[in-house]
Amino acid sequence: MRNEKLDWVKSGCAILIIFIHINFPGKLGYIMDSLAGIGVPLFFIVSGYYCVVNGENCLAKIRKKIHRMCILLLSLTVIYIIFYMLFFNDWDKIIEYLRNFIYPRNILYTIFFNMVYAAGHLWFI
């Protein structure tokens, strides 16, 4: 059963995560950075709670999500390469991007440390 209060907590965490990316001036900036830092860990805690509490097979759910993220990453990469070819026509950059994308060490760093070596705007996946 879904707990609506936890959905509100996740919504609040999403707003805090947005606040992390806003540069508030002066002391307000320090205060907001300090308060907003709880957004990401709390969001993951609540999401993990939903994964376990619903009584479903947690590993199957995680595999399904990882599979969906991989498909999304590959799809966005193809779109990015097509976009780059159409608008910038910089083949050296495209070849460098593909080499970085398929290099095993970079794949592991992307998965475990969220370090993207090419197309940095895809870090969120």
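1. Phe-44 is exposed, with a relative accessible area of 59%; here buried means under 20% relative accessible area, exposed over 50%, and partly exposed in between, with a 1.4 Å probe and protein chains only. Phe-43 is partly exposed, at 28%.

2. The model is predicted: local features need pLDDT of at least 70 and side-chain atom pairs count only at pLDDT 80 or more, while totals for chains, interfaces and linings use all residues. Residues are numbered from 1 along each chain as its sequence is written, and side-chain values use heavy atoms, with hydrogens and water left out.

3. The secondary structure comes to 6 helices and 0 strands, and the pattern along the sequence is α-α-α-α-α-α. Helices (H or I, at least four residues) and strands (E, at least two) are DSSP runs, numbered from the N terminus. Of the 125 residues in the protein, 16% are buried.

4. Which residues of helix H2 are buried? In H2 (residues 26–36) they are Gly-29, Met-32 and Ala-36. These residues lie on the same side of H2, because they cover an arc of only 70 degrees around the axis; the arc is that of the directions from the helix axis to the C-beta atoms. Lys-27, Tyr-30, Ser-34 and Leu-35 are exposed on the other side of H2.

5. The structure holds 2 aromatic pairs. Phe-19 and Phe-24 form an edge-to-face pair, with 5.6 Å centre to centre and 80 degrees between the planes. Phe-19 is partly exposed, with a relative accessible area of 25%, and Phe-24 is partly exposed, with a relative accessible area of 25%. Phe-43 and Phe-44 also form an edge-to-face pair, at 6.4 Å centre to centre and 85 degrees between the planes. Rings of Phe, Tyr and Trp (its six-membered ring) pair if their centres lie within 6.5 Å; planes under 30 degrees apart count as stacked, over 60 as edge-to-face and the rest as tilted.

6. Helix H4 has 30 residues and reaches 43 Å from its first C-alpha to its last, close to the 44 Å expected at 1.5 Å a residue. The expected span is 1.5 Å times one less than the number of residues. The buried residues of H4 are Thr-77, Tyr-80, Ile-81 and Tyr-84. Just after H4, Asn-89 takes a positive phi of about 50 degrees.

7. Thr-77, in H4 (residues 58–87), is buried with a relative accessible area of 4%. Thr-77 and Leu-98 are 21 residues apart in sequence and 9.3 Å apart in space, C-alpha to C-alpha. Ile-95, found in helix H5, is partly exposed at 39% relative accessibility. Ile-95 and Ile-81 are 14 residues apart in sequence, with 9.7 Å in space from C-alpha to C-alpha.

8. Val-78, Ile-82, Phe-83, Leu-86, Phe-87 and Phe-88 make a nonpolar surface patch of about 640 Å². Patches are made of residues with over 30% relative accessible area and no salt bridge, like charges being joined within 9 Å and nonpolar side chains (Val, Leu, Ile, Met, Phe, Trp, Tyr) within 5 Å. A salt bridge is a side-chain nitrogen of Lys or Arg within 4 Å of a carboxyl oxygen of Asp or Glu. Accessible areas come from the Shrake-Rupley method with a 1.4 Å probe; for residues, only the protein chains shown count as cover. Phe-88 is found in the loop between H4 and helix H5 (91–102) and is partly exposed at 49% relative accessibility.
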